[in-house]
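Subject: Structure for your review

Dear colleague,

Please find below the structure that I am handing over to you. I would be grateful if you could read the notes after it with the model open.

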Amino acid sequence: MKTISIYRIFNKYNVISFTSMLLILWISWAFASYFIEIITMDYYAEDLAISTKEEADNARYQFIIGILTWERYIDSAMRYIVYIFPLFSLLTVLPFCDELNGYYSYPARFKNYSKSLINGILCHSFIGGITISAVFFVFFSVGTVFMIPQIENIGGYASILPDDFYYQHPYLFFLFMSFTIYFAIGFVFSLLGCSIALVTRKKHDVIIIPMLLYLCDAYILGGVLGLYKYQIFGSVCAFNTVYSTFENFIPLLPFFIISILIILIYNLKQRNTLKW
């Protein structure tokens, strides 16, 4: 394996992205599901009418059992991370900025500079998608030990699957989400980050510009225009949607198209200045 390939896979940004996203999901679940409150609350308060340790332990147990559902698990975990979701795939793109300022700064060293650059962009995009999928794979694999489904139909994202598939196989459904829509979100925003890097070469731009586009899309299409079907938040929260499996990929198209256009324009500009 080439040194550049090893660097793309094993670097601090991928580790930071994976660990920070996983921790935020679990911390968010712990607070938003009231798990922390259940563990720390005073069970001998007057309004609870509990007087013995056995009664307190039983009450705590019943509260905990009540929150151990798949629906509460994913909904609580995504409560806040939805606002910064692309950040974690964008972090995996930051090494590409270093490559542009070093590895790709001498086009003459490549037999086909354009092909090599596209390969690098695709590699980082796949790493971004795989990182997000891997986070959710671990998150849901831990969840399957404790969680049970509470409802029979989780919504439109399961429309491509057989009836009652979610209720019978909730873990497999969430793995399906992990390796489809969440991989796609990670891939597209990593691709967008790479396209921004081509233009500015600056790491902070790779983070800030895509995040601004993400938030503007969410609030303008949803909050202002009411076009919820095309709102990117709908794809991120595909576990709770009325739209079909394929419809949840529609909000990603503008970001994908913008990325491709930037990359094509950059390549055309380079062709006019270099002999490829």
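The notes below go from the overall fold to the core, the aromatic pairs, the salt bridges and the surface.

The model is predicted: local features need pLDDT of at least 70 and side-chain atom pairs count only at pLDDT 80 or more, while totals for chains, interfaces and linings use all residues. Residues are numbered from 1 along each chain as its sequence is written, and side-chain values use heavy atoms, with hydrogens and water left out.

Overall fold

The protein chain contains 14 helices and zero strands; helices (H or I, at least four residues) and strands (E, at least two) are DSSP runs, numbered from the N terminus. Its C-alpha trace spans about 85 × 35 × 35 Å along the principal axes. Of the 276 residues in the protein chain, 46% are buried, where buried means under 20% relative accessible area, exposed over 50%, and partly exposed in between (1.4 Å probe, protein chains only). A contact is defined by heavy atoms within 4.5 Å. Among contacts in the protein chain with a separation of 6 or more, 73% join residues 24 or more positions apart.

Helix 7 is mostly covered, with six of its eight residues buried. Apart from neighbours within four places in sequence, the contacts of Phe96 are Tyr104, Leu117, Gly120, Ile121, His124, Cys194, Ala197 and Leu198.

Aromatic pairs

There are 30 aromatic pairs in the structure. Rings of Phe, Tyr and Trp (its six-membered ring) pair if their centres lie within 6.5 Å; planes under 30 degrees apart count as stacked, over 60 as edge-to-face and the rest as tilted. Trp70 and Phe140 form a tilted pair, because their ring centres are 6.2 Å apart and their planes stand at 55 degrees. This pair links distant parts of the chain, with Trp70 in helix 5 (residues 70-81) and Phe140 in helix 8 (residues 113-146), 70 residues apart. Both Trp70 and Phe140 are buried. Tyr166 and Phe173 form an edge-to-face pair, at 5.4 Å centre to centre and with 80 degrees between the planes; Tyr166 and Phe173 are both buried.

Salt bridges

The count of salt bridges is six, a salt bridge being a side-chain nitrogen of Lys or Arg within 4 Å of a carboxyl oxygen of Asp or Glu. Glu99 and Arg8 meet in one of them (3.0 Å, N to O). Since Glu99 lies in helix 7 (residues 94-101) and Arg8 in helix 1 (residues 3-9), this pair ties together parts that are 91 residues apart in sequence. Glu99 and Arg8 are both buried.

Helix 7 also supplies Asp98, which is linked to Lys203 of helix 12 (residues 203-224), 105 residues apart. The side chains of Lys203 and Asp98 meet at 3.2 Å, N to O. Lys203 is partly exposed, with a relative accessible area of 28%, and Asp98 is partly exposed at 33%.

Lys229 forms a salt bridge with Glu247, with the closest N and O atoms 3.1 Å apart.

Surface

The protein chain exposes about 14,300 Å², of which carbon and sulfur atoms supply 67%; accessible areas come from the Shrake-Rupley method with a 1.4 Å probe, and for residues only the protein chains shown count as cover. Leu253, Phe256, Ile257, Ile260, Leu261, Leu264 and Ile265 make a nonpolar surface patch of about 620 Å². Patches are made of residues with over 30% relative accessible area and no salt bridge: like charges are joined within 9 Å, nonpolar side chains (Val, Leu, Ile, Met, Phe, Trp, Tyr) within 5 Å. Leu264 is placed in helix 14 (residues 253-271) and is partly exposed, with a relative accessible area of 47%.

With kind regards
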